[in-house]
Amino acid sequence: MNLADKIIVALDFQEEEQLQALLAQLPDLAFVKVGMELFYTAGPDLVRRLKDRGLKVFLDVKVHDIPNTAFGAINTLSKLGCDILNVHCAGGFEMMRKAREALVGDTKLIGVTQLTSIDQQTMNKELLIFGTVEDCVLHYAELAKKAGLHGVVCSPNEVELIKSHLGKEFIAVTPGVRPLGSDVGDQKRVMSPAQAIQAGSDYLVVGRPITASPDPKRTFDQILAEIGVTV
Ligand code: C5P
């Protein structure tokens, strides 16, 4: 795999002009993530246009609904030809199974385990999910694999655990990536790009460290250099 394919830049913008300005600055960019913010503004056609430009697209709308509705959502979204789509593992086994059944084409379906903005205290005290974050993430990942999903979204901290139980082929996509010295923001379970690659992450999702950088190209190139040195 081309090393640049491992960095998925999160296009968390509301205006398409902001996205176009960023794309113009990052000629080596290969993989982008369209989240709810941009998808709700720009709509499905944006995914087709990004694909037409030769970019890979992770459509991160985190489907979480009753199984029948999740089936419909994933069926229609996978027809857009995106490379990766996701559902929340918290929607349960049957929802994930129906979502997997709905998938068409070559799109990979992955499950969001625990958001990287959730730490153990929040998970235990607010969500009333007991045990450690690692226990919960591994449990969700096992359910996702049983339901036929291709992988999960998790923090880089949990990748080794997941791969050791579920195998190297089970894809781990990791947000919560922060180059040393950059602002952590609302993320709680973070690692640097080099550490995340060393831990076995297949794809690193990086948003604000690049999109809010005064020099996005420089930051992007630094991240590429950082992971290039370690793989
Ligand atoms: O700006 P930042 O690098 O924190 O962006 C991370 C991106 O990954 C955001 O678009 C966020 O929605 C997404 N994400 C996440 N944690 C998850 C799943 C997705 O941060 N578990």
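Predicted model: local features only at pLDDT ≥ 70, side-chain atom pairs only at ≥ 80, totals over all residues.
Close-up 1. Residues are numbered from 1 along each chain as its sequence is written, and side-chain values use heavy atoms, with hydrogens and water left out. Val 9 belongs to strand E1 (residues 7-10), strands (E, at least two residues) and helices (H or I, at least four) being DSSP runs numbered from the N terminus. Leaving aside neighbours within four places in sequence, the contacts of Val 9 include Leu 22, Phe 31, Lys 33, Val 206 and Phe 220, where contact means heavy atoms within 4.5 Å. Although Val 9 and Phe 220 are 211 residues apart in sequence, their C-alpha atoms are 9.0 Å apart in space.

**Close-up 2. Phe 31 and Tyr 203 form an edge-to-face aromatic pair.** A search of the whole structure finds 1 aromatic pair, a term for rings of Phe, Tyr and Trp (its six-membered ring) with centres within 6.5 Å, counted as stacked if the planes are under 30 degrees apart, edge-to-face if over 60 and tilted otherwise. The rings of Phe 31 and Tyr 203 are 5.4 Å apart centre to centre, with 75° between the planes. Because Phe 31 lies in strand E2 (residues 31-35) and Tyr 203 in strand E8 (residues 203-206), the pair ties together parts that are 172 residues apart in sequence. Phe 31 counts as buried at 1% relative accessibility, and Tyr 203 counts as buried at 13%.

**Close-up 3. Gln 114 is a buried loop residue.** Gln 114 is placed in the loop between strand E5 (108-112) and helix H6 (120-125), and its relative accessibility is 7%. Not counting residues up to four places away in sequence, Gln 114 touches several residues, among them Met 123, Cys 136, Tyr 140 and Arg 189. The C-alpha atoms of Gln 114 and Leu 138 are separated by 9.9 Å, the two residues being 24 residues apart along the chain.

**Close-up 4. Lys 33, Gln 187 and Gly 207 each place an atom by a ligand oxygen.** A polar side-chain atom of Lys 33 lies 2.7 Å from an oxygen atom of the ligand, and an N or O atom in the side chain of Gln 187 is 2.9 Å from a ligand oxygen. From Gly 207, a backbone N or O atom lies 2.8 Å from an oxygen atom of the ligand.

Terms used
Buried < 20%, exposed > 50% of the residue type's maximum accessible area, 1.4 Å probe, protein only. Polar contact = N/O pair within 3.5 Å; in protein donor to acceptor, adjacent residues only side chain to side chain.
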